[in-house]
Amino acid sequence: MAKNKEETVLITKDGIRHDGRKREDLREISFDVGVLDRADGSCLIQWGRNKILAAVYGPRELHPKHMQMPGQAYIRCEYRMATFSVPDRKSPAPKRREKEISKLLGEALNPALFTYLYPRSVIDVFIEVLQADGGTRCAAITAASLALADAGIPMRDLVTGVAAGNLSDKIVLDLDDVEDKEGLGDLPIAYLPNLEKVVLLQSDGIFTPDQYKEALDMLVPACKKIYQLQRKAITDKYSQINEAVQKDIEAEEKDKPAKDKKKAEDSKAKDDKKAKKADDGKKSKASDKEEKKKKGLKKSSKKKDDKKQASKEKEAKKD
Amino acid sequence: MKENGEFLLPGDYICVEEEALPGEGTYVAEGKVLTTVTGTVFNDKKKRTVSIFPRVRKPLVPKKGDVIIGQAENVNKHMVSMSVKYINGQSVTPSYSSIMHISHATRSYLDSMFDALKEGDIIRGKIMDAHTLPIQFTTTYNELGVIYALCSKCGERLRYLRRGTLKCDNCDNVEPRKVAEDYGRARL
C-alpha cells in the first residue's frame, strides 16, 4: 500500500476516479432480504466490494433489567467487523471505532422507529461486516433498515445512507477504501427519504462551506436513488410471496368447480335412487315417510341434547 | 387515496387525514396518513378507516388476555416466577419472565403456593397485566394450571388422580397441584 501511495491518482482532470467511476457514480448495490432463518428479520447487502449482514431480533425482554426504559424500547445496535473483513487480520475485540459506530447507528435508526410501542423491551440490531471496502457505516444502516422492515417492526420510513468525499478539492460520491484513506475528507449521511430528514451527519477532514453544500446537494438525490433499490428489494421478496399465494388461490378456485361438479353428480345419483325408490310403490313410500318422521324426531331430540350439554358446560365454566 | 390491495412499504403515502382515519399499520405525520409496516392497503369505507394488512411477521408482544405456557422457575410460599415459552401457541425465544401471586393461583383459599405448583412444572396461564414487569398471570380457570409435572421424589411423570391431585405410579407419591383440565393431554 505504501508504494502505491504516490502512484495512485484519485481523480483525473476529466473527473474519472481510480476505479473508473465518475464523480456522482455509486458502486453497484444489491440486497438480499430475509437471508437468516433464526433472525426475526435480516438483510445481506453487497455494496461494491462491501458485504454486510444485518440481523434484527425483537422486540423482546431486555436484560439487564436496569437498562429497561418505562416509556420506550431500547435499540441495541452492535456493529462488528469480522477478523477477515480487512486485508490485515483485525482483532475481534470491539475497539473505539466499532463502539462509536454501534452507538451512531442505533441513534440514527431511533427516529425511524416507533419505540414507544414497545416499552421495557429491546430491539436488537446486529451488523456484521464480512468484507469491508469503505463506506461500511452507510451500507450498514441501509441494510439494517431493511432488516427492521423485514422483521415487521413499525417504522416511519426506511433509512438510507451514503457518503460523499473530497478528492483533491473535487466532491465525489460513495468513497471506497482507497479514496477514504487518501482523500481529503469524508462526509457520511443517513437520510429518511420520504420524510426528507437527516438522521446521521458526520464529517471528517477538510471541506469548505461551498464544498459542504455541494456535497449535501449530491447526497440527497443519491439517497433517493438507493431508496428505490431498497424498495425493489422488499417488493421483490414479498411480491414473490404474493404470487405464490395467488397461484394457490387460483389452483383452489380451479379445483372448486370440479368438486362442485362431483357434488352435483353425487346429489343427482342420490336423487335418481330416491326416484327409483319412489317408483317401487305407494306402500313403501308411506313406510319411507314414517321412517323419515322417526329420523326427524331423533335428530331433533339429539339437537336438544346437544343444547343441554352446551348449557351445562357453560354453567360449569361459570362455576 | 391509494387503492385497496396496493402493496406499500414503511413511510409510503396513503391519503390525507381528511379522507380516512388511520387504522392499524399506519400513522399520521403533517396531516398525511402514512404506512408503518410492509403490506397491502385495506380501505374500510363503512368505518372510514384505512389500514395495512401486513405481509411481514407481526412482532410477538405479550398483552392482557393472552394464554401463555411456561415453566415454573422459582416457587416460594406466596409467589411463583415462570419463564414464558409460548404466547398464544407461538414460541418466544428467549423467554419472557412472569410472576403470579398466590391469590391468583386458585379460586379457593390456598395456604401455600406449594399446594398448587412446584418448581419445574409446565404451566398454562393467562396474562392479567402486561404493563408491569415482570408480567403478571393467573391460573384461576379450569383450562389453566399445571399441564405437565414430574414427581418431586423420584422424577417420574405424574398421573392425574383426581381434581387437585397427581400421583406418581413409580413411587406412589401423591402431590397436590392446581391441575388444568387437560393435564397430560395438552398440546403446545
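Which side chains meet in a salt bridge with E100(A), and at what N to O distance? Keep that in mind while you go through these notes, and remember that you're looking at a predicted model.

1. The partner of E100(A) is R96(A), and the salt bridge between their side chains spans 3.2 Å from N to O. Both residues sit in helix α2 of chain A, four residues apart, which is about one turn of the helix. Over all chains, the salt bridge count comes to 28.

2. Now for the sheet in chain A.

3. Strand β3 (residues 50–61) and strand β5 (residues 121–131) of chain A run antiparallel, and nine bridges join them. If you'd like a place to start tracing, take I52(A): its bridge partner in β5(A) is V129(A).

4. Most residues other than glycine have a negative phi, and most peptide bonds are trans. With that in mind, check the peptide bond from G58(A) to P59(A): it is cis, with omega near 5°. P59(A) lies in strand β3 of chain A. Chain B has a cis peptide bond too, joining L133(B) and P134(B) with omega about 0°. Here P134(B) is in the loop between β11 (122–129) and β12 (135–138) of chain B. As for phi, R120(A) has a positive value near 65° and isn't a glycine. You'll find R120(A) in the loop between α2 and β5 of chain A.

5. Next, where the chains meet. On one side 30 residues of chain A are in contact, and on the other 29 residues of chain B. Chain A and chain B bury about 2500 Å² between them, with 54% of it on carbon and sulfur atoms. What joins them in terms of charge? Two salt bridges are found across the interface of chain A and chain B. D40(A) forms a salt bridge with R57(B), where the closest N and O atoms are 3.6 Å apart. Between chain A and chain B there are also eleven residue pairs in polar contact.

6. Which elements of chain A give two or more residues to the side that touches chain B? They are β3, α3 and α5 (209–280) of chain A. The most comes from α5(A), with six residues. Sorted by type, the residues on the side of chain A that touches chain B are 14 nonpolar, six polar and ten charged.

7. Strand β9 (residues 79–87) and strand β10 (residues 90–101) of chain B run antiparallel and are joined by eight bridges. Between β9(B) and β10(B) there are two residues, and N88(B) in the turn has a positive phi of about 50°. Along the pair, S81(B) stands opposite I99(B) in β10(B). That residue is handy for the next step, as I99(B) also stands opposite Q136(B) in β12(B). There, β10(B) and β12(B) run parallel, joined by two bridges.

8. Last, one more sheet in chain B. This open sheet has four strands in the order β1-β6-β7-β3, again with mixed pairing. At the edges stand β1 (7–8) and β3 (21–22) of chain B; each has a single partner strand, so one side of each is left without a neighbour in the sheet. The partner strand β7 (residues 49–54) of chain B pairs with β3(B) in the parallel sense over two bridges. To spot this pairing, find L21(B), which stands opposite T49(B) in β7(B).

Notes
Residues numbered from 1 in each chain as written. Chains lettered and ligands numbered in written order. Predicted model: local features only at pLDDT ≥ 70, side-chain atom pairs only at ≥ 80, totals over all residues. Heavy atoms only, no water. Pairing = 2+ DSSP bridges. Contact = heavy atoms within 4.5 Å. Buried area = accessible area lost by both parts, 1.4 Å probe. Salt bridge = Lys/Arg side-chain N within 4 Å of Asp/Glu carboxyl O. Polar contact = N/O pair within 3.5 Å; in protein donor to acceptor, adjacent residues only side chain to side chain. Nonpolar A, V, L, I, M, F, W, Y, C, P; charged D, E, K, R; others polar.
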